[in-house]
Amino acid sequence: MASSLRTHTQTNSNTSAMNGTSASASDPKSQLSKKPRLHAPPQPLFITPSDVLFEFSHHLPSIARINNGSFGCCPSSVLSAQQQLQLQWLQQPDHFYFNQLQTRILQSRNIIKDMINADHVDEVSIVDNATTSAAIVLQQIAWGFAEGRFRPGDAAVMLHYAYGAVKKSVEAYVTRAGGYVIEVPLPFPVNSVDEIVQEFREALERGKQNGRRVRLAVIDHVTSMPSVVIPVKELVRICREEGVDRVFVDAAHGIGCVDVDMKQIGADFYTSNLHKWFFCPPSVAFLYCRRSTESSDLHHPVVSHEYGNGLAIESAWIGTRDYSAQLVVPKVLEFINRFEGGIDGIKKRNHEAVVDMGEMLVKAWGTHLGCPPEMCSSMVMVGLPACLGISSDQDTLKLRTYLRDKFGVEVPIYYRAPKDGEVGPVTGYARISYQVYNKVDDYYKFRDAIIQLVHNAFTCASLPT
């Protein structure tokens, strides 16, 4: 994406100018007939490191914040724009509601539509977060069972590493309505895309046993914990070949983290948070619904005055609340375009940096990454030394708290149960993120904390429960 700052200054030089003089300087008439030019210092084309530091100066400097994946970040310029919008609402809410709100939301939807390469703005709705999007899609599936369009026992397929809240939503909407849910087991650590594709094919075959139909496939674009980029285009294509009714891609970590193109991915539904990797304030997400007869019967689970006017309109008013996070998308795009290469440049540099930091850490600790670099996004799973004794999910939470409180390091940790027969396996993995505000020192701080724990013969068993 081209930068929005495109001010270039061109000057013509000759031999005299290179020597510190000009042709006009030797001509008195020329000096009298021309006014002296005042040259302002050249402005930087792109955002500078000091600008980035200022934009995120509200972050606590004592914390090595290498966990952008959980809650994202928002620059000061966008926060200021949000606060102005909140103030405008409070100053005259009736005027804002009748004359600005829907126009501004439509402007945000149009920007998202262009960024994700959707066909029409009506395919884009703005909601609170990806969990809300899951409720919208799964609610429609539940109605399919309740209204007799699906048979009891028809299947829904999702990845074993699906986000916990989405798993709960599948339980609440699909299982309760009579659907049969199949989880796709995925290996971790993972060595190749082929391992994922093979497991997915086998799960679809199980879904079609005993005369069942697979009514829905829920596919992550980037799994949360452990974090791995899933080959969504290939899995969506397989779903089409195998006759899966609908495909929902949960890309909570999508936009700003991986390539997001609706025409290339080809899913029926695709959602991504905008507050994780797209610099919006929390919380806001988009839900893409490919135009079809089925998509016209999607509804927001919070029913308000706009019910029946289409999902995008329903979602734009679900009662009195703060809509400002949805309205700052234009300002966010302005911020992103201050970086060389726009969002694509940010993604590329974040990916390269997080892989470099991950490889630095595993070299220091004598461990390994959780997947090949090409299966990482702006996050990577980094093996922790086995001697730390991580033996349960509770251990990961205790260790995470200890790292935060004692060392000022904020990083989530994943427990991987050892396989039968494994000797001295790595059972703990840290998910490190890299965003534009991060510095190498953040990762050195984490490295040195773990080295100190190993040196002190620390184990998770020593931490209080």
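The lining of the second largest cavity comprises 4 nonpolar, 1 polar and 2 charged residues (Ala, Val, Leu, Ile, Met, Phe, Trp, Tyr, Cys and Pro count as nonpolar, Asp, Glu, Lys and Arg as charged, and the others, Gly among them, as polar). This is a predicted model, in which local features need pLDDT of at least 70 and side-chain atom pairs count only at pLDDT 80 or more, while totals for chains, interfaces and linings use all residues. Residues are numbered from 1 along each chain as its sequence is written, and side-chain values use heavy atoms, with hydrogens and water left out.

The residues lining the second largest cavity are Val-302, Val-303, Ser-304, Glu-306, Tyr-307, Glu-314 and Trp-317, and the space within amounts to about 30 Å³. A cavity is a set of points, on a 1 Å grid over the protein atoms alone, where a 1.4 Å probe fits but cannot get out; lining residues have an atom within 4 Å of a point. The volume is the space filled by probe spheres set on the points, which are joined across faces, edges and corners.

In total, the structure holds 2 cavities of 30 Å³ or more. Among the lining residues of the largest cavity are Tyr-161, Phe-188, Thr-223 and Ile-230.

Ser-378 lies in the loop between helix 15 (342-365) and strand 9 (379-383); helices (H or I, at least four residues) and strands (E, at least two) are DSSP runs, numbered from the N terminus. Ser-378 is buried, at a relative accessible area of 0% (buried means under 20%, with a 1.4 Å probe and protein chains only). Its contacts (heavy atoms within 4.5 Å), not counting residues up to four places away in sequence, include Cys-257, Trp-277, His-351 and Tyr-434.

Methods. Buried means under 20% relative accessible area, exposed over 50%, partly exposed in between (1.4 Å probe, protein chains only). On a 1 Å grid over the protein atoms alone, a cavity is a set of points where a 1.4 Å probe fits but cannot get out, and a pocket is an open set with protein on both sides within 12 Å along at least five of seven lines; lining residues have an atom within 4 Å of a point.
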